[in-house]
Amino acid sequence: MFSSILKRAAALVAVVLISAAGVCAQTGGVEGTVRVNENGVKKGVPNAVIDIYRTDIKGHWTVKADKVGHYVMLGLPLQGTFTFVASGPNITPTYSAGVRITQTPVLDVDLEPGDGSTMTLDQIMAAQKSGGPARPPGQALSGADKAKAEAAQKEFEQKKKEGEALQSSFDQARTHYNAGVELTKATPPNYQAALSEFEQASAVDPGKHKAMLLLSYRANANLAEAHYQIGVEQFNQKKRDEAKPHFEKAVEAANKAISEASSDTPENNPNLNNDLLIYYNILAKNSLLLVQHYGAVNVIDPTVKALDMAASLDAANKNKWGITKGDMYFAAGRTEDAVAAYKAVLAVDPNNIDALYGLGLTLVAGTEKAQIQEGANTLADFVAKAPATDKRVPIVKEALEGVKNAYKVEAEKPARRGKKP
């Protein structure tokens, strides 16, 4: 039965599209997509370059878009006005002037095909000047005003340095994350190499910016899944001892992903609830394997609490999480807890074959004849309601035959149940 569980391997291949509209230490971020119009169809420009100039005082940043034309720039001062210049191979450069970060957290740029040239800030200012009235010449600054300007420039340079370090950290982590995703999508997937990439991506500081928070918990979730896949492969190769640390690390990384994601908001991640359910599922399957095959009873109670949270987010599939709780209790020999979990599901859905299966096996493993009788009846209900193609049906029939031979107990017909002989 374990081999069938292990074959259900789900890879996380979410592409990082991170909202960077937050505020962090008087700095903010902006993101967008650079697109080119080709025969009426807008397509992302891979590796487009976005030069960002602060125009009220001197400042310049550069960020490169990813392979789908998406860019994220962190650490920009919230004060001031900016000019964004987008350029790239075989496109005509364009700019957006007068941008304020607090008002424009998302800035998409649409371009036309061209010669791939770039534009400098001087060229842009000249173009703006020629298109409008001349500006009055600047007046000489007083000593006090000059000192204020110099202090402001010094503070700006420090903030710029901090912002560049923040951007560099984010860019490196995102590069590792996307490299890991690509490795999991390869044929065959290279989870061992992906593991290293996700480990480096997960080292990003989630407290620095909400874009980094999003990247951190997605990296940890993918790290957990990579550990799971490697552990499964080693377990199936009879390398049980080597597999165990991977399942343990998967639980650790999944818990970290859940903790961080639970502190996020739908505004930052519109798919937050769906992501959390994926993470809860990763936690559940690794915890269950540790309980079933390594007797790791210490993970049960924390995981059960997590499963209750998952059920509260996923009302449509609440029974699924309840069955997982029952399976975990059953694997640990906590019969009363397992029976309660399965019966809670059957109270809502009496025909749930997974709950019937788990409850029946739990009960027939008992020592009291009444309990064994109830278990035999429950397993008979499973056989009656499960599809004939369900691989568990022959297992249950064999179990019922064993109960009959060992305890002289046979499943009762529904009409006779609860009646004295």
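How many bridges pair strand β4 with β5, and in which sense do they pair? Strand β4 (residues 49-54) and β5 are joined by six bridges in the antiparallel sense. The model described here is predicted.

## Overall composition

The protein chain contains 13 helices and nine strands. Of its 421 residues, 45% count as buried. Among contacts between residues at least 6 apart in sequence, 62% join residues at least 24 apart.

Strands of a sheet pair through backbone hydrogen bonds, either parallel or antiparallel. The pair formed by β4 and β5 belongs to an open sheet of four strands, ordered β5-β4-β7-β8, with antiparallel pairing. The edges are taken by β5 (59-64) and β8 (94-99), each of which has a single partner strand, so one side of each is left without a neighbour in the sheet. From one strand to the next, the twist averages 15°.

Individual bridges can be located on both sides of the sheet order. In the pairing with β5, Ile52 has Trp61 as its bridge partner. Strand β7 (residues 82-87) pairs with β8 in the antiparallel sense over four bridges, and the bridge partner of Ala86 in β8 is Thr94. The hairpin of β7 and β8 has six residues between the strands, and Asn90 in this hairpin takes a positive phi near 60°.

Two packed helices are described by the angle between their axes and the distance between the axes.

| Helix pair | Crossing angle | Axis separation |
|---|---|---|
| α11 (residues 353-364) and α12 (residues 369-385) | about 150° | 7 Å |
| α10 (residues 335-348) and α11 | roughly 150° | within 9 Å |
| α11 and α13 (residues 392-407) | roughly 25° | within 12 Å |

Helices α11 and α12 pack at an angle of about 150°. Since angles over 145 degrees count as roughly antiparallel, α11 is therefore roughly antiparallel to α12. Their crossing is left-handed. On the α11 side, the contact is made by Ile353, Leu356, Tyr357, Leu359, Gly360, Leu361, Leu363 and Val364. Helix α12 contributes Gln371, Ile372, Glu374, Gly375, Ala376, Thr378, Leu379, Asp381, Phe382 and Lys385. By class, the contact of α11 with α12 comprises 11 nonpolar, four polar and three charged residues.

The axes of α10 and α11 cross at roughly 150°, and these two helices are therefore roughly antiparallel to each other. Helix α10 passes α11 in a left-handed crossing. Here α10 supplies Thr335, Ala338, Val339, Tyr342, Lys343, Val345 and Leu346, while α11 supplies Ala355, Leu356, Gly358, Leu359, Thr362 and Leu363. Nine residues of the contact of α10 with α11 are nonpolar, three are polar and one is charged.

For α11 and α13, the axes cross at roughly 25°. Because angles under 35 degrees count as roughly parallel, α11 is roughly parallel to α13. This crossing is left-handed. The residues in contact are Ile353, Asp354, Tyr357 and Val364 of α11, together with Arg392, Ile395, Val396 and Val403 of α13. The contact of α11 with α13 divides into six nonpolar, no polar and two charged residues.

Asn220 lies in helix α5 (residues 210-236). Is Asn220 buried or exposed? Its relative accessibility is 3%, and because buried means under 20% relative accessible area, Asn220 counts as buried. Not counting residues up to four places away in sequence, Asn220 touches Ser202, Ala253, Lys256, Ala257 and Glu260.

Asp275 is found in helix α7 (residues 272-294). This residue is buried as well, with a relative accessible area of 8%. Which residues does Asp275 touch, not counting residues up to four places away in sequence? They are Tyr217, Arg218 and Asn269. Tyr217 stands 58 residues from Asp275 along the chain, and the C-alpha atoms of the two residues are separated by 9.5 Å.

Note on methods:
Residues are numbered from 1 along each chain as its sequence is written. This is a predicted model: local features need pLDDT of at least 70, side-chain atom pairs count only at pLDDT 80 or more; totals for chains, interfaces and linings use all residues. Side-chain values use heavy atoms; hydrogens and water are left out. Axes are lines fitted to C-alpha atoms, for helices over the stretch in contact, and angles run from 0 to 180 degrees between N-to-C directions. Angles under 35 degrees count as roughly parallel, over 145 as roughly antiparallel, 65 to 115 as roughly perpendicular and the rest as oblique. A crossing is left-handed if the near helix is turned anticlockwise from the far one by less than a right angle, and right-handed if clockwise. Contact means heavy atoms within 4.5 Å. Ala, Val, Leu, Ile, Met, Phe, Trp, Tyr, Cys and Pro count as nonpolar, Asp, Glu, Lys and Arg as charged, and the others, Gly among them, as polar. Buried means under 20% relative accessible area, exposed over 50%, partly exposed in between (1.4 Å probe, protein chains only). Two strands pair if DSSP finds at least two bridges between them.
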